[in-house]
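Work through these exercises with the sequence and the coordinates open. Try each task before reading its solution.

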Amino acid sequence: MATELRDEPRMIASILAGNAQLFHELIRPYERRVYAMALSFLRNEADAEDVTQEAFLKAFRNLPSFRGDAKFGTWLISIALNEARSRIRRRDAVKMESLDGPEDEEGHVSPAQLTDWKEIPSEALERKEIRHLLHKAVTALPLIYREVFQLRDIEQMSVNEAAAALGITISSVKVRLHRARMMLQKHLAPQLQQMAPKRRRWA
Amino acid sequence: MIIECKHVWEHISDYLDQTLPPEVLEQVEKHLAHCEICSAILDSTRNILILTADDRVFELPLGFSQRLHARIEEEIRGMAP
């Protein structure tokens with residue numbers, strides 16, 4: 001994402017000085033990221049869209065309190081994260097997330113053992129079934145693993161940023177991230193290799 | 001010191017994040033050099049992380065952007081003096 005090429009502090013100053021329309025431009029590069037995070041948390045497109053809209057509105061209203069000591073993108077993601085988490089609490093107060101199984105930090109995850117890995121290039125994502133498989137695997141992670149994975153490996157937050165955003169320790173971020181990655185490997189590696197064509201070339 | 005496969009698995013995440021202490025890194029690398037199972041686990045994990053981080057995995061619904069900006073526009077107009 002080419003957000004580095006934009007002068008975001010200047011855009012924000014201009015919005016605060018009255019050029020509110022510029023907010024549309026400011027958020028454009030972040031729409032997908034905020035939505036992806038909300039979707040991975042909420043597992044439901046309608047809820048994810050709703051939370052994304054709420055998060056951007058909240059960001060707009062709270063823009064005067066944005067201090068600029070964090071990047072705008074990180075600040076935005078934190079707002080969206082809180083929005084998504086409170087939505088989950090409200091929604092699941094009625095119905096607990098029972099499909100996940102125990103969400104504790106005990107136990108180790110053994111990876112899928114293969115003797116060889118045939119690299120799957122990004123072009124494979126042109127195939128809908130591959131995108132669907134990956135999407136399903138991420139959203140199937142239990143919430144405590146899913147949120148860490150989303151912030152670290154999808155949003156590319158640092159361990160410290162993710163710990164601060166989630167209100168957990170750095171060591172919990174590392175433990176949960178490791179488990180999340182291993183769960184994904186365990187689940188996805190055998191399926192992805194099966195979907196790989198027998199020939200060596202992909203496209 | 002020789003380490004076993006299951007110990008190597010515990011270090012995969014830190015290995016990928018390049019946060020292993022040098023002495024552990026050396027043991028892990030020594031193990032990886034001769035263990036094809038652990039090498040395949042490492043390669044597949046790295047590959048899967050690249051794929052899942054791709055924008056295409058979480059697609060925006062049709063009309064998403066228009067609806068979002070319409071709501072923001074409403075908010076902006078609502079604030080206007």
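Predicted model: local features only at pLDDT ≥ 70, side-chain atom pairs only at ≥ 80, totals over all residues.

**Exercise 1. Confidence**

Task: Find the mean pLDDT of chain A and of chain B, and state which stretch of chain A has pLDDT below 50.

Solution: 
- Step 1. Start with chain B. Its mean pLDDT is 92, and 96% of its residues reach 70 or more.
- Step 2. Turn to chain A. The average pLDDT here is 87, with 87% of the residues scoring at least 70.
- Step 3. In chain A, residues 96–104 have a pLDDT below 50. Beyond near neighbours in sequence, this stretch makes 8 contacts in the model.
- Step 4. The ipTM is 0.89 and the pTM is 0.84.

**Exercise 2. α3 against α4 in chain A**

Task: Decide how α3(A) and α4(A) are oriented to each other, and list the residues that meet.

Solution: 
- Step 1. Take the geometry. Helix α3 of chain A covers residues 31–42, and helix α4 of chain A covers residues 45–62. They pack at about 135 degrees, and their axes are 8 Å apart.
- Step 2. Classify the angle. Roughly perpendicular ends at 115 degrees and roughly antiparallel needs over 145. The two helices, α3(A) and α4(A), are therefore oblique to each other.
- Step 3. The crossing of α3(A) and α4(A) is right-handed.
- Step 4. List the residues. From α3(A) come V34(A), Y35(A), A38(A), L39(A) and L42(A). They meet E45(A), D47(A), A48(A), V51(A), T52(A) and A55(A) of α4(A).
- Step 5. Sort them by class. The contact of α3(A) with α4(A) has 8 nonpolar, 1 polar and 2 charged residues.

**Exercise 3. Two partners of α9 in chain A**

Task: Work out how α6(A) and then α8(A) lie relative to α9(A).

Solution: 
- Step 1. Begin with α6 (residues 128–139) and α9 (residues 170–195) of chain A. Their packing angle is about 170 degrees, and their axes are 10 Å apart.
- Step 2. Apply the cut-off of 145 degrees. α6(A) and α9(A) are therefore roughly antiparallel to each other.
- Step 3. Name the contact. I130(A), L133(A), L134(A) and A137(A) of α6(A) meet L184(A), H187(A), L188(A), Q191(A) and M195(A) of α9(A). Of the residues in this contact, 7 are nonpolar, 2 are polar and none is charged.
- Step 4. Move to α8 of chain A, residues 159–166. Its axis comes within 8 Å of that of α9(A), and the two cross at roughly 105 degrees. That makes α8(A) roughly perpendicular to α9(A).
- Step 5. Name this contact too. V159(A), N160(A), A162(A) and A163(A) of α8(A) meet I170(A), V173(A) and K174(A) of α9(A). The classes are 5 nonpolar, 1 polar and 1 charged.

**Exercise 4. Domains of chain A**

Task: Which element gives the largest share of the side of domain 1 of chain A that touches domain 2 of chain A?

Solution: 
- Step 1. In chain A, domain 1 spans 2–92 and domain 2 spans 113–195.
- Step 2. Count the contact. Domain 1 of chain A gives 10 residues, and domain 2 of chain A gives 10 residues.
- Step 3. Find the elements on the domain 1 side. Those giving two or more residues are α3 and α5 (72–92) of chain A. The largest share, 5 residues, comes from α3(A).
- Step 4. Class the domain 1 side. It has 5 nonpolar, 3 polar and 2 charged residues.

**Exercise 5. Chain A meets chain B**

Task: Which helix gives the most to the side of chain B that touches chain A?

Solution: 
- Step 1. Count both sides. The contact takes 31 residues from chain B and 41 residues from chain A.
- Step 2. Look at the chain B side. α4 (36–52) and α5 (64–79) of chain B each supply at least two residues.
- Step 3. Pick the main contributor. α4(B) gives the most, with 12 residues.
- Step 4. Class the chain B side. It has 17 nonpolar, 7 polar and 7 charged residues.

Definitions and conventions: Residues numbered from 1 in each chain as written. Chains lettered and ligands numbered in written order. pLDDT = per-residue confidence, 0-100. Axes fitted to C-alpha atoms, helices over the stretch in contact; angles between N-to-C directions. Helix = DSSP H or I, 4+ residues; strand = E, 2+ residues; numbered from the N terminus. Parallel < 35°, antiparallel > 145°, perpendicular 65-115°, else oblique. Left-handed = near helix turned anticlockwise from the far one by under 90°. Contact = placed C-beta atoms within 7 Å. Nonpolar A, V, L, I, M, F, W, Y, C, P; charged D, E, K, R; others polar. Domains from an automatic or database assignment.
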